[in-house]
Amino acid sequence: MAKEPAAPPLRADGLQIEEDRAFQRRFWRAQRLAWLAFAAACLVALLGLTGSGGAFQKSVMRFDGARVEFPRISRWEGPDELKVRFERPAPSHGLRIGRDFLDRFSVERIQPEPERSTLSGAAQSFVFAAEGEDPRTVTLDIRAKHFGWTRLEVGIGAETRTARILILP
């Protein structure tokens, strides 16, 4: 015949339950920390620091007569945009993009299509014909091929600027 376990002692509040108060307090503390971690993750996502929208998702490079808007944080295999806005009138506009960026991102579409493109060892250059009123915007639909940090080097005219983009998995 099996021996029955002993009943827990009667507590001061009249309950007869067995509990480990120290373990329960540690569990509640860990639970609150997990809630704070999840709240912080939601806040970071709402601010746009995980890619795909939000106030801080995009960044801007300013050039003399142009500005380039690019994703500060992108998602691996997620669609994104790189926009170049030429603000000064000219019969054509030139744009250079560094090889590091093109190795990490695939360019799925360029709107409008360039009049001419040129490959060199360290960059790809595009020339866009311009007509009509300013400003003129070129949009590159891009998709990240790998995750990690990548360098975006953009050249417009004689100026070159560099930025870093984080690609999250």
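Modeller: The account below turns to the salt bridges and then to a charged surface patch.

This is a predicted model, in which local features need pLDDT of at least 70 and side-chain atom pairs count only at pLDDT 80 or more, while totals for chains, interfaces and linings use all residues. Residues are numbered from 1 along each chain as its sequence is written, and side-chain values use heavy atoms, with hydrogens and water left out.

The whole structure holds 11 salt bridges (a side-chain nitrogen of Lys or Arg within 4 Å of a carboxyl oxygen of Asp or Glu). One of them pairs arginine 143 with glutamate 108, at 2.6 Å from N to O. Because arginine 143 belongs to strand S9 (residues 136–144) and glutamate 108 to strand S6 (residues 105–111), this pair ties together parts that are 35 residues apart in sequence. Strands here are DSSP runs of E with at least two residues, and helices are runs of H or I with at least four, numbered from the N terminus. Arginine 143 is partly exposed at 27% relative accessibility (buried is under 20%, exposed over 50%, partly exposed in between, with a 1.4 Å probe and protein chains only), and glutamate 108 is partly exposed at 46%.

Salt bridges with shared partners also join Asp100, Arg151 and Glu153 into one network. Another salt bridge links arginine 21 to glutamate 19, with the closest N and O atoms 3.6 Å apart.

Arginine 26, in helix H1 (residues 21–46), is partly exposed at 48% relative accessibility.
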